[in-house]
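Here is a short briefing on the structure shown below.

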There are 2 protein chains.
Amino acid sequence: MIDAGPRSMADRGPIAILCGAGSLPFAVADAARQDGRRVVLIGLRGFADAGRISRYPHHWVALAQFGHLFRLLKRENCRELAFIGSLVRPTFSQLRLDLATLRLLPRIARLFRGGDSHILNGVIAIVEEQGVHVIGAHEIAPDILVPDGPLGRREPDGKDRSDIAYGLQFLRAIGPFDVGQGVVVADNRIVCVEAAEGTDHMLARLAGVRHSGDVRFAAGTGVLVKAPKPGQDRRIDLPSIGPKTIENARAAGLNGIAVVAGSAVIAEPKEVMEAADRAKLFVVGVGDEAPR
Amino acid sequence: MIDAGPRSMADRGPIAILCGAGSLPFAVADAARQDGRRVVLIGLRGFADAGRISRYPHHWVALAQFGHLFRLLKRENCRELAFIGSLVRPTFSQLRLDLATLRLLPRIARLFRGGDSHILNGVIAIVEEQGVHVIGAHEIAPDILVPDGPLGRREPDGKDRSDIAYGLQFLRAIGPFDVGQGVVVADNRIVCVEAAEGTDHMLARLAGVRHSGDVRFAAGTGVLVKAPKPGQDRRIDLPSIGPKTIENARAAGLNGIAVVAGSAVIAEPKEVMEAADRAKLFVVGVGDEAPR
């Protein structure tokens with residue numbers, strides 16, 4: 001008998017990518033294809049980019065149409081599913097339910113009493129009970145993980161390093177509360193905390209209150225620090241940065257961006273690096289080494 | 001010899017009130033006058049309400065003009081000073097210094113590397129070294145402290161009570177970071193965190209992202225929870241609410257407001273109560289009893 005060696009990626013069958021907003025789903029899809037895997041995109045109606053999704057084999061589902069999703073996965077013979085891209089959390093009453101979802105209703109209602117990780121972990125459990133394995137973007141496309149060290153030409157100085165450590169410490173302290181993954185620190189002072197509104201809105205409002213003079217901190221200070229929630233399932237909802245993050249950080253007058261290396265994703269590393277250099281911002285992957 | 005009894009308030013000489021923005025300084029001044037004390041208001045230029053301050057004996061100083069402030073206190077024979085009203089924290093380079101401040105410069109520069117309580121505690125120390133006793137608004141006007149229980153007609157229900165406890169727990173967790181004193185919780189989920197921007201801006205942005213659909217939570221849920229920072233010097237910067245807080249909470253679609261009883265101030269309790277009833281919001285003073 002001839003040893004066939006480890007099973008190639010292609011042997012594992014097609015992979016389904018449930019697509020939220022942004023370009024990350026497509027970066028991951030392209031990486032999977034380069035590994036020789038067939039990819040089926042499943043767009044979340046109202047979130048996924050319809051123009052880009054049309055260039056791949058794809059289907060559409062509405063949020064919470066579990067029955068429809070399970071039938072599609074079965075028909076396409078997908079035993080692996082990744083959730084990629086951003087969503088706005090709906091209210092429970094906004095969900096458009098199908099029959100399978102109706103049966104899960106009491107369980108889903110309970111998920112809505114808590115933070116986002118609480119919902120997402122519950123959804124993973126529901127999907128995996130159907131025999132579908134949920135995998136993370138970084139398992140398909142490890143290259144999208146932010147590496148250790150500076151990404152562009154600029155690097156954080158001592159003052160920035162101190163703010164980064166303080167920000168990581170803060171994010172760890174709020175971890176148990178399943179709240180956002182971002183904070184802005186300037187001169188050892190927490191100036192802005194991300195919660196349900198997301199990083200883009202947090203930075204936009206910071207730009208607003210700096211412009212109006214209602215929040216002030218010295219030029220050359222200010223770091224956006226992003227870290228995954230402690231205990232968060234890393235298969236979903238890792239912090240991500242993109243060219244828009246750079247643009248928003250520049251508009252808020254920050255000095256740079258720090259993310260935990262290996263725990264944050266960048267859909268377009270080259271674009272991010274170029275945008276950071278143009279904006280004279282540092283973007284750095286750091287160890288999660290703040291004192292516990 | 002005849003025992004003169006405890007010294008009356010009037011015996012303690014005039015009290016100086018260093019006035020920031022808002023109506024709180026005047027509410028406190030009126031309370032002190034009703035106790036028979038002479039009051040000297042010292043307006044912080046750019047913050048205090050010039051129209052209202054002109055109705056009291058008053059002077060003006062710029063932020064960080066310590067020499068000028070100390071001379072005024074001496075001239076007016078004030079041995080007690082209260083800091084009341086809101087400020088926007090300036091950047092260090094925006095300070096307009098006088099001679100006394102120049103001598104304190106290295107010390108003040110160090111104060112700027114940290115949160116607001118860090119600065120305020122440092123300023124208290126500087127003032128007290130001049131033999132001036134810094135007192136809190138609540139020591140002059142205990143009636144402005146929020147009492148235990150509901151303030152208007154509405155009361156929080158069980159779900160609101162659970163959100164209030166969760167919010168207090170969150171605020172306690174971020175206490176060591178000298179960050180803001182407010183958080184919005186809906187259905188056990190932290191939806192908005194106040195940092196340097198203050199409560200009004202936090203609520204305004206929440207109204208914005210709810211309007212755009214970027215943050216969603218069910219109608220009839222959502223509580224603004226305010227608590228003093230743990231270990232904060234209660235003579236300065238206690239959380240405060242006013243008619244504007246009610247208006248902003250209503251615009252953000254919240255169900256109510258909870259503050260720690262005895263640890264938050266209301267300049268205009270009657271107006272706040274009426275505004276809350278009109279807006280169908282509860283306003284409640286609660287014990288700080290969330291599990292530690």
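**Strand pairing in chain A**

β7(A) pairs with strand β9 (residues 223–226) of chain A in the antiparallel sense, over four bridges. Pairing requires at least two DSSP bridges between two strands. Strands (E, at least two residues) and helices (H or I, at least four) are DSSP runs, numbered from the N terminus.

This is a predicted model: local features need pLDDT of at least 70, side-chain atom pairs count only at pLDDT 80 or more, and totals for chains, interfaces and linings use all residues. Residues are numbered from 1 along each chain as its sequence is written, while chains are lettered from A and ligands numbered from 1 in the order in which they are written.

**Around β7(A)**

- Val185(A) has Val223(A) as its bridge partner in β9(A).
- β7(A) also runs antiparallel to strand β8 (residues 189–193) of chain A, joined by four bridges.
- Val183(A) has Val193(A) as its bridge partner in β8(A).
- β7(A) and β8(A) make a hairpin with two residues between them. Asp187(A), in the turn, has a positive phi of about 55 degrees.
- Strand β7 (residues 182–186) of chain A is mostly covered, with five of its five residues buried. Buried means 20 or more other C-beta atoms within 10 Å of the residue's own, exposed means 12 or fewer, and partly exposed lies in between; C-beta atoms are placed from the backbone.
- Gly182(A), Val184(A) and Ala186(A) point one way from β7(A). Val183(A) and Val185(A) point the other way.

**Nonpolar core**

- The largest nonpolar core has 185 residues. Such a core is a set of buried Ala, Val, Leu, Ile, Met, Phe, Trp, Tyr and Cys residues joined through C-beta atoms within 7 Å.
- Among the residues with the most contacts inside this core are Val28(A), Val191(A), Val28(B) and Val191(B).
- Beyond residues up to four places away in sequence, Val28(A) touches several residues, including Ile17(A), Ala82(A), Ile84(A) and Ile144(A). Contact means C-beta atoms, placed from the backbone, within 7 Å.

**Ala27(B)**

- Ala27(B) sits in helix α1 (residues 24–34) of chain B.
- Ala27(B) counts as buried because 22 other C-beta atoms lie within 10 Å.
- Leaving aside neighbours within four places in sequence, Ala27(B) contacts Ala141(B), Ile144(B), Ala267(B) and Glu268(B).

**Contact between the chains**

- Chain B gives 35 residues to the contact, and chain A gives 35 residues.
- α8 (158–174), β8 (189–193) and α9 (198–211) of chain B each supply at least two residues of the side of chain B that touches chain A.
- β8(B) gives the most to that side, with five residues.

Note on methods: Contact = placed C-beta atoms within 7 Å.
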